[in-house]
Amino acid sequence: MLERLNEALEYIESRLGERVDAAEAARIALTSEYHFRRLFSALAGMPLSEYVRRRRLTVAGAEVLAGERTLLEIAVRYGYGSGEAFARAFRAVHGVGPGEARRTGAALAAQPRMSFRLVVEGSGSMRYRIVEKDAFRVVGRRARVPLVHAGPNPAIGAFIRSIGPETLRGLAALSDQEPAGIVGVSDGLDPTRAEGTELDYYHGVVTGASAPEDCETLAVPAGAWAVFESSGPFPQALQHLWRDVFTQWFPSNPYQSRPGPEILRTQLSPDAARADAELWIPVERAAE
């Protein structure tokens, strides 16, 4: 898998002066475009589009300093429709405009070429199981919230606190299948998973029942789910679990993520300092 990912990176590098086709990069990596974008973001720490932008402007920066082409020629070469658009993008990455950089020989930022490699840490094992589920509903309250990579998510915390205990008891009574009890469900995540992008967060239950009048329903089709278990400090252990699933588990197992919500069942300690959790990720067998 890592070898194919690195071949996809070679393809991206060869297309910096043209349009990078994410679907073609995914084909080279033997996966879907949806999974490739998510996997790249998890492994690289930035969206694919941002990496391509930074690499283009890194290479363009070297050409600006070399002085062999005009600034307009460089702009067109790297896909910018005008010198003004190129100058804005250049300044956003390098902190200086291309004309000034050429005149003064300014120091520029650089995005190195990436390559992925396997690091064997051996510090622990990841507990998981594969579950086939029929179609079901998520029933609960919903809010649009920003994605937070590290630390508590204030928007989710405030939303949960706004739900009354009577509503939560009524929802809990509807839970009739795994994962049992009140769960947090993330749906409609931006493919880049960039910090601050928005998602639909449901606080509710997995059920076959219909929703009460004051709640909303998310219909989820049948399919396979990878279920991961975690215990540790809250919320760090849960956020690390998400990271480890995409950076460690997927590259070494014959599965890829598929479109669908991600479900988290959490049991907090009395002081809310630690949590036991199950993370449900929709998966499918990867192409051979």
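## A salt bridge within a helix

How many helical turns separate Glu 24 and Arg 27 in helix 2? Glu 24 and Arg 27 are about one helical turn apart, because they sit 3 residues from each other in helix 2. Their side chains meet in a salt bridge, with a distance of 2.7 Å from N to O. Glu 24 is partly exposed, at a relative accessible area of 25%. Please keep in mind as you read that this is a predicted model.

## The chain as a whole

Let's step back for an overview. The chain is built with 10 helices and 9 strands. Its C-alpha trace spans about 70 × 40 × 35 Å along the principal axes. Of its 288 residues, 43% count as buried.

Contacts across the sequence are worth a look too. Taking the contacts with a separation of 6 or more, 72% are accounted for by residues 24 or more positions apart. Ala 219 belongs to strand 5, which covers residues 216-220, and it counts as exposed because its relative accessibility is 63%, where exposed means over 50%.

## More salt bridges, and a network

The structure holds 20 salt bridges. One of them is formed by Glu 63 and Arg 69, whose closest N and O atoms are 3.0 Å apart. Here the two partners fall in separate accessibility classes: Glu 63 counts as buried, at 14% relative accessibility, whereas Arg 69 is partly exposed, with a relative accessible area of 34%.

Another salt bridge joins Arg 144 and Glu 198, with 3.5 Å between the closest N and O atoms. This pair links distant parts of the chain, since Arg 144 is in strand 2 (residues 136-146) and Glu 198 is in strand 4, 54 residues apart. Arg 144 is partly exposed, at 45% relative accessible area, and Glu 198 is partly exposed as well, at 42%. Arg 144 and Glu 198 also belong to one network with Arg 142, Asp 200 and Glu 216, joined by salt bridges that share partners.

Arg 258 is found in the loop between strand 7 (255-257) and strand 8 (262-268). A polar atom of the Arg 258 side chain lies 2.8 Å from the backbone oxygen of Ala 224. Beyond its neighbours within four places in sequence, Arg 258 is in contact with Tyr 34, Arg 38, Gly 223, Ala 224, Trp 225, Pro 282, Val 283 and Glu 284.

## Backbone details in the loops

Some backbone angles deserve a second glance. Most residues other than glycine have a negative phi, and most peptide bonds are trans. Leu 30 has a positive phi of about 60° although it is not a glycine. Leu 30 is found in the loop between helix 2 (22-28) and helix 3 (33-44), and it is partly exposed, with a relative accessible area of 36%. Ala 272 has a positive phi too, near 60°. Ala 272 lies in the loop between strand 8 and strand 9 (274-285) and counts as partly exposed at 36% relative accessibility.

A cis peptide bond joins Glu 178 and Pro 179, with omega at about -15°. Pro 179 lies in the loop between helix 9 (165-174) and strand 3 (183-187).

## The largest pocket

Finally, a look at the open space. The largest pocket holds about 1,200 Å³. It is lined by 44 residues, and the closest to its centre are Val 148, Leu 238, Gln 239, Trp 242 and Leu 264.

The elements that give two or more residues to this lining are helix 3, helix 8 (154-161), strand 3, strand 4 (198-207), helix 10 (236-249) and strand 8. Which element gives the largest share of the lining of the largest pocket? Strand 8 does, with 7 residues.

Key:
Residues are numbered from 1 along each chain as its sequence is written. This is a predicted model: local features need pLDDT of at least 70, side-chain atom pairs count only at pLDDT 80 or more; totals for chains, interfaces and linings use all residues. Side-chain values use heavy atoms; hydrogens and water are left out. Helices (H or I, at least four residues) and strands (E, at least two) are DSSP runs, numbered from the N terminus. A polar contact is a pair of N or O atoms within 3.5 Å; within protein, one must be able to donate a hydrogen and the other to accept it, and residues adjacent in sequence count only if both atoms are side-chain atoms. Contact means heavy atoms within 4.5 Å. Buried means under 20% relative accessible area, exposed over 50%, partly exposed in between (1.4 Å probe, protein chains only). On a 1 Å grid over the protein atoms alone, a cavity is a set of points where a 1.4 Å probe fits but cannot get out, and a pocket is an open set with protein on both sides within 12 Å along at least five of seven lines; lining residues have an atom within 4 Å of a point. Grid points are joined across faces, edges and corners, and a volume is the space filled by probe spheres set on the points. A salt bridge is a side-chain nitrogen of Lys or Arg within 4 Å of a carboxyl oxygen of Asp or Glu.
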